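This report asks how selected parts of a protein chain are placed relative to one another, and how much confidence the coordinates carry. Please keep the sequence and the structure in view while reading.

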Amino acid sequence: MRLRLPITLTLALAAASPGGADTLHIAPPYRDAPEMASRADMPHGTLKSFIMNSAESRIYPGIRQLNNETTRRRDAYGNRLAAPADQQSEPAPYRREVFVYVPAGYHRGTAAPLLVVQDGRDYAARVAAALDSLIAAHRVPAIVAVMIQSGGGDAQGSERGLEYDTVSGRYAEFVEKEVLPQVTRLCGVRFTTDPEGRATMGGSSGAAAAFSMAWFHPEWYGKVLSYSGTFVNQASPAVSRTPHGAWDYATQLVPNAARKPIRVWMEVGGHDLHWQDPESTYHNWPLANDRIAAALALKHYDYRYVVAADAGHVDADVTMQTLPEALEWLWHGYPASN
């Protein structure tokens with residue numbers, strides 16, 4: 001089926017196609033930013049972790065697992081499809097690890113700026129390294145980073161897919177109501193309630209989750225950092241208001257809503273997932289990110305879009321080069337640490 005957009009939106013997206021002052025094109029060779037190297041002559045924050053079990057969660061008690069031949073049902077991209085309710089079992093248990101970066105010199109009980117990171121295990125060391133350098137140089141405030149592992153799996157039919165790919169405020173509510181209180185209780189840190197002092201970050205579906213957190217709850221989060229965002233048709237279960245999942249951010253949600261008070265830094269690889277697929281599949285990552293950037297431009301959002309030539313999906317080399325700059329750009333104008 002060919003994608004058909006309203007003619008006014010089609011023309012507007014074309015007029016606002018990424019490539020202006022808010023778009024940065026980078027190319028290999030990609031090199032680690034100097035801020036990513038640990039140095040003995042600067043203070044270092046601490047990394048702590050704890051486990052959350054599905055039994056503790058009222059919001060995400062565990063997906064219902066398929067219990068018959070429906071486990072073999074896949075869509076055209078190999079993603080597992082959800083089964084009808086009468087073909088599902090009881091919610092399956094899971095365990096998730098939560099990593100907490102506490103900056104050097106943090107005073108217990110202080111309401112700190114907050115960075116929430118999805119797929120926390122993948123980013124804990126890199127985020128800690130970048131924040132150590134940036135905080136020591138007074139380029140960002142003394143941020144506490146809460147880096148949360150998903151409940152497991154990937155894409156449709158998985159706990160991670162339910163948490164990250166659903167176009168709603170549910171995941172943000174889980175973080176706010178269930179994760180952050182545990183962090184405060186176990187790690188002794190508190191967080192500012194000012195959305196200008198709160199950011200959310202992720203890669204792939206974790207980036208879509210980061211955007212959803214700020215989109216549906218801008219009273220909690222005013223900043224988004226996205227690597228290879230999964231702004232494609234991957235939501236499970238599908239809902240009628242957004243039939244094409246996160247693809248609909250660009251085609252209807254952003255264009256049709258009043259501008260929200262959020263800043264967005266986003267990146268995509270030139271050879272990101274399904275980069276050669278036609279737009280009509282709703283499943284081409286570079287096109288999806290192009291469309292989001294164009295929609296943000298039309299609504300005059302404060303955003304930065306980085307297109308990394310020849311880079312793949314959530315390319316580690318690109319992340320290591322750009323993460324410090326991305327964090328500093330997001331926090332520009334917010335009081336830095338003393």
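The structure is a predicted model, with a mean pLDDT of 88 over the protein and with 85% of the residues reaching 70 or more.

Two packed helices are described by the angle between their axes and the distance between the axes. For helix α5 (residues 205-216) and helix α6 (residues 248-256), the axes come within 13 Å and cross at roughly 10 degrees. Because angles under 35 degrees count as roughly parallel, α5 is roughly parallel to α6. On the α5 side the contact is made by Phe211, Ser212, Trp215 and Phe216, which meet Tyr249, Leu253 and Val254 of α6. The residues of this contact comprise six nonpolar and one polar, with no charged residue among them.

Helix α6 also holds Thr251, whose side chain makes a polar contact of 3.2 Å with the side chain of Asp248. Thr251 has a relative accessible area of 15% and is therefore buried, since the cut-off for that class is under 20%.

| Residue | Relative accessible area |
|---|---|
| Thr251 | 15% |
| Gly197 | 0% |
| Tyr221 | 0% |

Gly197 lies in the loop between β9 (190-191) and β10 (198-203). Which residues does Gly197 contact, leaving aside its neighbours within four places in sequence? They are Pro113, Leu114, Thr192, Trp331 and Tyr334. With Pro113 there is a separation of 84 residues along the chain, yet the C-alpha atoms of Gly197 and Pro113 are separated by 4.8 Å.

Tyr221 is found in the loop between α5 and β11 (223-227). Not counting residues up to four places away in sequence, Tyr221 touches a set that includes Leu114, Val116, Val175, Glu176 and Leu180, as well as Pro195, Arg198, Ala199 and Thr200. Met213, Ala214 and Ile262 are also among the residues that Tyr221 touches. Tyr221 and Arg263, which are 42 residues apart in sequence, lie 9.5 Å apart from C-alpha to C-alpha. Leu114 is in contact with Gly197 and is also touched by Tyr221.

Note on methods
Residues are numbered from 1 along each chain as its sequence is written. This is a predicted model: local features need pLDDT of at least 70, side-chain atom pairs count only at pLDDT 80 or more; totals for chains, interfaces and linings use all residues. Side-chain values use heavy atoms; hydrogens and water are left out. Axes are lines fitted to C-alpha atoms, for helices over the stretch in contact, and angles run from 0 to 180 degrees between N-to-C directions. Helices (H or I, at least four residues) and strands (E, at least two) are DSSP runs, numbered from the N terminus. Angles under 35 degrees count as roughly parallel, over 145 as roughly antiparallel, 65 to 115 as roughly perpendicular and the rest as oblique. Contact means heavy atoms within 4.5 Å. Ala, Val, Leu, Ile, Met, Phe, Trp, Tyr, Cys and Pro count as nonpolar, Asp, Glu, Lys and Arg as charged, and the others, Gly among them, as polar. Buried means under 20% relative accessible area, exposed over 50%, partly exposed in between (1.4 Å probe, protein chains only). A polar contact is a pair of N or O atoms within 3.5 Å; within protein, one must be able to donate a hydrogen and the other to accept it, and residues adjacent in sequence count only if both atoms are side-chain atoms. pLDDT is the predictor's confidence in each residue, from 0 to 100.
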